[in-house]
Amino acid sequence: MPNEWETIAIFVLLALMLGSFIWRRIPDEFTALAGFAIVVTTQILPLEASLRAIANPGIAAIAGMLVIGSSLEKAGAIALAKKAFERLPQAKPSYSILGMILVIALVSALLNNTAVVVLLAPVVISYGQHSKLPPGKLLMPLSFAAILGGSCTLIGTSTNLVVSAYGESLGHPPFTFFELSKVGLPLLAISSVYLAFVGQRMLPDNPTPPGLSKVHRIEHVNSKRIAIGFAILCGIVLFSAFELLPIAVSAPAGSLFLIAAKCISPRDALSSLNWRLLLLIASMLGVGAAFQSSGASTIAASSIEYSLSLSPFPEYNGLLTIAIVFVATSLLTEILTNNAAAITMAAIAASLSAQLDLNLKPLLIAIAVAASSSYSTPIGYQTNTYVAHLAGYRFTDFLRVGTPMNVIATIVAVPIIAYFWPLR
């Protein structure tokens, strides 16, 4: 049984970590690592439990996918997207933006969305010049399209893998490869129409950014390496779709095959690993485990349970439960990193599921989608931060265009999740 001081201590620690995440003076991964070190050294989280927490299969899956994605990028896979842009017909601004969003979303469903935004930013700006659209009308939709595309598949963003692995660590089946597409595709369709026909009209006509020359350029295409990389990616998809092999095994195995086939050098493979991201995830998994074992997540879950008891429409409590978890995650991800928000909310969802005897899967799906639904601030998601700097967007630009995106995400996702993944 957790001690009362442990529960108080973890709430104080989380408050301090939240302050550090908002303050942004200390790198997020160091804040998370410091929090993890504190819960282990104070024995809030025993050493054995901490080792179990960080030995999460999601970390191996993310590492493997980073190497595979890097191999495809270096082979020139992004150049294929460039050709797709060049083939888009001349159209009215709204239709041009809609076409761009769909291409970006497709690429981001299979490759790391941050890399997609960084590498395709100059392509999008060039496309804008060709279509007589200023960068200010395109770069925020570029970021949002990458986020939307990443919400459609298991490998679209690291958050999906982390949440899936968290549930798996509690004895629940992992997400299948296309499971998230049930909610991701409708969300992509409706959000794309809003962005193309409404949202872009509220964006500033910012000129070509002076920092464009510093943006990464598209390299040459190596068709053989691209073919091998996509073959491995298709293998991972098939193994996952038919539940023959978990991504935590197939992704690292695929990355090793790429090294053996000389599609990527060992040095480049190591450099492709985003150690800051992996450290952040591992540390937050430890903090999340402490949040749960200390009883703090139970208290948070009890507050949600109490709120539900006050509802005048108890027959809709299932829908309301998913909505509360979705909105809370969405708000957290606007000020924390998406992975930190996801892990914190997953611990609360696990306690809530146990207390109310609910199916955990719909809550985890809600967390995975909401943790990536960061549209209202330039600091909630790394792609937003990048395009904000590049295009000179103001904080208010994100609030004006992104807040309706958050509302759309909630209205669309919550009932779909409740339908496909019942709580009971």
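Okay, housekeeping before we start. This is a predicted model, where local features need pLDDT of at least 70 and side-chain atom pairs count only at pLDDT 80 or more, while totals for chains, interfaces and linings use all residues. Residues are numbered from 1 along each chain as its sequence is written, and side-chain values use heavy atoms, with hydrogens and water left out.

Let's begin with a helix pair. Helix α4 covers residues 57-75 and helix α11 covers 223-241; helices here are DSSP runs of H or I with at least four residues, numbered from the N terminus. They pack with their axes 8 Å apart, at an angle of about 150 degrees. Those axes are lines fitted to C-alpha atoms over the stretch in contact, and the angle runs from 0 to 180 degrees between N-to-C directions. So α4 is roughly antiparallel to α11, a label for angles over 145 degrees. The crossing is left-handed, meaning that the near helix is turned anticlockwise from the far one by less than a right angle.

Who meets whom? From α4 we have M65, I68, L72 and A75, and facing them in α11 are R225, I226, G229, F230, I232, L233 and I236; contact means heavy atoms within 4.5 Å. Several of those α11 names come back when you list its buried residues: I226, G229, I232, L233, G235, I236, V237 and S240. Buried, by the way, is under 20% relative accessible area, exposed is over 50%, and partly exposed is in between, with a 1.4 Å probe and protein chains only. As for length, the 19 residues of α11 should span 27 Å, and the end C-alpha atoms are 26 Å apart, which agrees. That expected span is 1.5 Å times one less than the number of residues. After α11 comes E243, with a positive phi near 55 degrees.

Next, α10, residues 181-197. Its 17 residues reach 23 Å from first C-alpha to last, close to the expected 24 Å. Its buried residues, including V183, L187, L188, Y194 and L195, pack against α6, α8, α18 and α20.

Now two single residues. T329 sits in helix α16, residues 317-335, and counts as buried at 0% relative accessibility. Leaving out residues up to four places away in sequence, T329 touches A341, M345, I367, A370 and A371.

N384, in helix α19, is also buried, at 0%.

How many aromatic pairs does the structure hold? Eight, where rings of Phe, Tyr and Trp (its six-membered ring) pair if their centres lie within 6.5 Å, and planes under 30 degrees apart are stacked, over 60 edge-to-face and the rest tilted. F11 and F291 are edge-to-face, because their planes are at 90 degrees, with centres 6.2 Å apart. F11 is in α1 and F291 in α14, so this pair ties together parts 280 residues apart in sequence. F11 is partly exposed at 35%, whereas F291 is buried at 3%. Y393 and F398 are edge-to-face too, 5.9 Å centre to centre with 85 degrees between the planes. Y393 is buried at 8% and F398 at 0%.

That's my tour, thanks.

Definitions and conventions
Helices (H or I, at least four residues) and strands (E, at least two) are DSSP runs, numbered from the N terminus. Angles under 35 degrees count as roughly parallel, over 145 as roughly antiparallel, 65 to 115 as roughly perpendicular and the rest as oblique.
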